[in-house]
Each structure stands twice: as structure tokens, then as C-alpha cells.
Amino acid sequence: MDRLSGLCGNYILKFPKFNEENNAEVWDVTDAFKAEVVNILWEWHLSDVLIQLTKHGHAWEFSDNLINDFEIEREIKVLDVNIEEVVKKLLWLWAIKVFDGWVHDVYIDYADKELENKDAKVSFRFRFKISEKGKLSIFYTIKKKINDEIAQDIRSVYESELKLSNPMLVSDLLGAIWLQETREKIQKRQSLSHGETKFDFNKSHHEAIKDWLEIETSHWERAKWMVDLLGLWGHEIKNVGSRKFYKNYGVEYGNLDKESKLEIPEPIDKYIKKIPK
């Protein structure tokens, strides 16, 4: 995976404190973690690779993302929101701001999109997060969509986010089992948390896509309650993943060469288009 390895290397070069801040501690692989990985992936050979990497490579650890505490994550997207206005409401309700910066996502799959085309869609994602203060963090997410008859208008997924201390090792290992980059996106993001709910306010680098809010929580009723509390029922609401969300706007997911409406920080914008796809 030349592009992903190139991105990992260049990001770390641009943010040299990454290596100082990400010395992962050695930790054991619990049976609960093994069961969760298998449950999400439903692919034994992939599960074995990830588990052995965790055990012997010390390449990652669980992040402090609220989603890791959810048995099932419930999520919805609220379209065309006034970010400043809704953030102000949440801060008044004692929400806590947990991130402000840029997010660069790279999704990986097999060449024939085997994971994406499963009945229960599975996605692997590398995420580079660059805060306004110039701190780089790199994450790896494994996610599987589930069908919930009770909450059909809410997107339900199993999801775990792992913080990477050795992203090059992870990238090389996944490439060795024939996974490759399939799509990517960049967005400006503000994240707030309130109890068991996380709010991600996003501005896409694509001009056609309006600002949106993603609500992630532990229970489908709580997601709807938050929409009601914030007075957002007048907005269009979607229960789809990012690929279908982009398609809703007629945007090809993965093209970063178009003119961006975002003021992307120089360390990202300077080299990102020079790395081969």
C-alpha cells in the first residue's frame, strides 16, 4: 500500500513529536478483545493477523474515543446545519469540546471490494487527525454494519477505534495480506461529547457537500432525543455511511484533486497530492 505508507511517513516527518507522544505500552490481548475483533470482521484469517500484531508488535492500543464504550454504536447524520449555532447550544448544555482540527481518512479493502460488498458491510479505516494546535494522532478503525429491526431509521454498527503507535508496521502488514487503499476524504471537524453521546461537526473538502452533524451514541432513542433537544427535526436526516452520504450529493468518494473549499493546513496540503495513488 504505497500511498498509505507514504502518508504515514510524511505525516510523521511533518509532526516529529508523534514518535515522542506515542510509545504504546505493552498490553495483553484479552479474550473479550479477540471476540470483538472476530465479531466485527467475521474473517478468521484477518482476525488472527490483527490479534497477533496487537500481541507481538505493540503497534496500537485502544483510543479514548467514546465509541469504544458502546456495545453497539447508533449514528445519524443531520444535513446542512449551522455549526456555530448548534455548537453554542451544546456548550450551553455543558457539552465538552474534545477535538478541533482536520481529519484525513483512508479506507482499505481488497481489490474486488470484498469487505464493502458483504451483506454486513465491513470497513477498515486509517484516520490521521491534526488538531488546530498542530498535534498528530493516527487511528485504525474496524467497523461492521448490523441490521436492527427495532432501530431501522438509525444506523447501527459494531465499531472499535485503535490508536496507532507504529502506523507503518500496521500499513505494511495489511498490505502483505493483499489489502489496498480504495477511497479517502478530508474534512474539517469539531467534536463535542455530552454524556454517552458524541457530536461531530464536519466541513467537507468538496464544495458540493454542505456542513453536517454526525451524532453517535449508545442507544437509538438517545440519538432521536438529541435531535429533538437541539431542534434539528427540520433538517434532512440520513442513516447511511459516508460512501452513500457522498453519493447523495453526486460526489465521487475519494478524489482529493478537486479544488477544496477548506483551508487545509500547509503540512497536509503541501505534499498530499504528490503521493502516488
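Predicted model: local features only at pLDDT ≥ 70, side-chain atom pairs only at ≥ 80, totals over all residues.
Residues are numbered from 1 along each chain as its sequence is written. Local features need pLDDT of at least 70, side-chain atom pairs count only at pLDDT 80 or more, totals for chains, interfaces and linings use all residues, and side-chain values use heavy atoms, with hydrogens and water left out.

A salt bridge here is a side-chain nitrogen of Lys or Arg within 4 Å of a carboxyl oxygen of Asp or Glu. The count by this rule is 14.

Start at Lys-188. Its salt bridge with Asp-100 has the closest N and O atoms 2.9 Å apart. Lys-188 sits in strand β7 (residues 180–194) and Asp-100 in strand β3 (residues 96–109), 88 residues apart. Strands are DSSP runs of E, at least two residues long, and are numbered from the N terminus. Lys-188 has 16% relative accessibility, so it counts as buried. Buried means under 20% relative accessible area, exposed over 50%, and partly exposed in between, with a 1.4 Å probe and protein chains only. Asp-100, at 23%, counts as partly exposed.

Lys-188 also forms a salt bridge with Glu-132, the closest N and O atoms being 3.2 Å apart. Glu-132 lies in the loop between β4 (122–131) and β5 (136–146), 56 residues from Lys-188. Glu-132 is partly exposed, at 46% relative accessible area.

Now turn to Glu-216 and Lys-198. Their side chains form a salt bridge at 3.8 Å, N to O. Glu-216 is in strand β9 (residues 212–217) and Lys-198 in strand β8 (residues 197–204), so the bridge ties together parts 18 residues apart in sequence. Both Glu-216 and Lys-198 are buried.

Elsewhere, salt bridges with shared partners join Glu-75, Arg-125, Lys-143, Arg-155 and Glu-159 into one network.

Technical notes:
Helix = DSSP H or I, 4+ residues; strand = E, 2+ residues; numbered from the N terminus.
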